[in-house]
Number of protein chains: 2
Amino acid sequence: MSRPPSVAAVDVGGTTMKGAVFTAAGDLVVARTVATFGPDGSALTGLLDLLHDLVDAADDAGLHPAAIGISSPGVVDAASGTIAYAANLGWRSLPLARLLEEEFAMPVAVEHDARSGAQAELTALSGADAEHAVFLPIGTGIGAAMITNGAVVRGATGAAGEVGHIPVVPGGEPCACGQLGCLEVYASAAGIRSRYLAIGGTTARTTAELAGSLHSDPRAATVWDEAVDALAAGIVSMTATLDPAVVVIGGGLGMAGDTLLLPLRRRVQQLLTWRQPPRLLPSAFGPHSSIVGVALLALDPPAGERRGFATRAGDCLSGTAHPVGVSPR
Amino acid sequence: MSRPPSVAAVDVGGTTMKGAVFTAAGDLVVARTVATFGPDGSALTGLLDLLHDLVDAADDAGLHPAAIGISSPGVVDAASGTIAYAANLGWRSLPLARLLEEEFAMPVAVEHDARSGAQAELTALSGADAEHAVFLPIGTGIGAAMITNGAVVRGATGAAGEVGHIPVVPGGEPCACGQLGCLEVYASAAGIRSRYLAIGGTTARTTAELAGSLHSDPRAATVWDEAVDALAAGIVSMTATLDPAVVVIGGGLGMAGDTLLLPLRRRVQQLLTWRQPPRLLPSAFGPHSSIVGVALLALDPPAGERRGFATRAGDCLSGTAHPVGVSPR
């Protein structure tokens, strides 16, 4: 049986776009990271340039992609490949799959970034864990993928998983969405940095730097504790609603590892007096969940090969395995 | 094709058990309501007596039941027909389906009361509404049924839908579960009555009486407003997580109709600044959702007949249609 030579995938973020081409086995052909907004200020122009660059590089290696996958923030209608609304990208009602299919003459899968990431993370779960799970990537904002009965939930309008707007502090601090006290005001990377500055933090430190200074910087410890409390309240709310077996914590903040997971597990356990808490696990793919997941969606490998593809692709992106063909640069 | 002559269904509650036998068309053969706990203080003895009474009455009418359905509060494993834990009934690891199958020599379906109710309410929804929905019965406590991708969610341990324990007021009033500030402390019938008494309400009025006195009794208005705020916060949380098309409000408090629904819609709309709210609808089956729904589960009629059965059964129980055979008493 002939296998597709390769798949091109792009994870579009608010600041950067990460692109990669993988072989059908998950080996990395080429990887690129570029600014989301190019000189003309258009994320779409930047995406087209990046994709042409990826496809050309794959062609140089004799591995012309058979499909493209794009993960995007915002409200995404995966069935039609349309970005209904992505505030940070300036996209509204953008028929992205159709545009790219015309430009590149190959099938294009488009999916929400958290739901893309869940496709990858699910390959690392087995049995009951993969039936009822939450994938919770914590980055600039907080959006999740809910898995029920073994399937990712899109919701009535494609907006399931917007758990960053669970109200965890009634009448609390204002969120950009207009509500008060949303989870992401307290626990997203942007929220934590902003609150750290607001209480007199002296430099605009990254959340990774804040996480590393909890013992020496009381202000960092304060905002971290509040982030943990808010995340725990959000996880309790999701647990009461859906009873997941596991909650997988990903995104940039998930990279803090035990600095986040240990106090978070403790706090969730304290709150969930009435039941066993779900297991809180670190993401298996770290910052690469969405790009690996949307590559899986575009490639659509046989069920028995999903895990192997995802593992290999993730390892390659993490630098533990060497690319074939053109090197990353 | 021969049709089953009738189905016996019981909705077991903390105070009373409601039993009924329906023909396959949904006509009522007999209906009974008895105290959950009989002279010996055992809910199981009471259930057995009620079922024998129902079956005997159906036999008198020449309509021997072909199946039994039981809806129960607590943590229910529908697959094995076991009540894992129902605090109010004193049941733990009770293999109810097996016990009743041995006693009555017919198939027995056992399901959680909210998930039973959702089976009935789903027959009144169509299209996208039936794909992503929440059925939220508000009674002594608050437990819901979440419908995603057209299917009821059980969760990893059968505990999905325990939305009464969403923390809506961090550090708020204690709940029997051990958490603080749970939704059902503020918005269940028991919670509302208890809070009304705590602020000096002079008689133990029912929530129906409280709902009828909001304009004349400021204390009633206060607890009602707080219940609406708490319910709205819970609905926002569920909406952010699952993006339902509709939230169907049922149970005893749902019977308050527009007295609850109008302020609740207003409050949810105020909070959900960032998206269209789901439609909030009154339950189509009122207090009869669970018994009709579990009759559907036990009878398992062809898909095309579910709605007709449920509508007829609900109408009969509401007294708008006359029973056949033995009269209710």
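**Stop 1: a strand pair in chain A**

Select strands β1 (residues 6-12) and β2 (residues 16-23) of chain A: they run antiparallel and are joined by seven bridges. Helices (H or I, at least four residues) and strands (E, at least two) are DSSP runs numbered from the N terminus, and two strands pair if DSSP finds at least two bridges between them. Within this pair, A:Ala8 is opposite A:Val21 of β2(A).

The model is predicted; local features need pLDDT of at least 70, side-chain atom pairs count only at pLDDT 80 or more, and totals for chains, interfaces and linings use all residues. Residues are numbered from 1 along each chain as its sequence is written, while chains are lettered from A and ligands numbered from 1 in the order in which they are written.

**Stop 2: the sheet and its helices**

Which residues does A:Ala295 contact, leaving aside its neighbours within four places in sequence? They are A:Val7, A:Ala9, A:Phe22, A:Gly69 and A:Ala313, a contact being two C-beta atoms, placed from the backbone, within 7 Å.

**Stop 3: helix α2 of chain A**

Select α2 (residues 96-104) of chain A; its buried residues are A:Leu96, A:Ala97 and A:Leu100. Buried means 20 or more other C-beta atoms within 10 Å of the residue's own, with C-beta atoms placed from the backbone. Viewed down the axis of α2(A), the buried residues fall within an arc of 95°, so they line one face of the helix; the arc is that of the directions from the helix axis to the C-beta atoms. Their cover includes β4, β6 (82-86), β7 (91-94) and β8 of chain A. Just after α2(A), A:Ala105 has a positive phi of about 55°.

**Stop 4: where the chains meet**

Show both chains: 38 residues of chain A are in contact with 38 residues of chain B. On the side of chain A that touches chain B, β10 (145-148) and α7 (218-242) of chain A each supply at least two residues. α7(A) gives the most, with seven residues.

**Stop 5: two hairpins in chain B**

Move to strands β5 (residues 75-77) and β6 (residues 82-86) of chain B, which run antiparallel and are joined by three bridges. B:Asp77 is opposite B:Thr82 in β6(B). Four residues separate the strands of this hairpin, and B:Gly81 in the turn has a positive phi of about 70°.

Next, follow β6(B) to β7 (residues 91-94) of chain B, its antiparallel partner through three bridges. Here B:Tyr85 is opposite B:Arg92 in β7(B). The hairpin of β6(B) and β7(B) has four residues between the strands, and B:Gly90 takes a positive phi near 75°.

Definitions and conventions: Buried ≥ 20, exposed ≤ 12 C-beta atoms within 10 Å, placed from the backbone.
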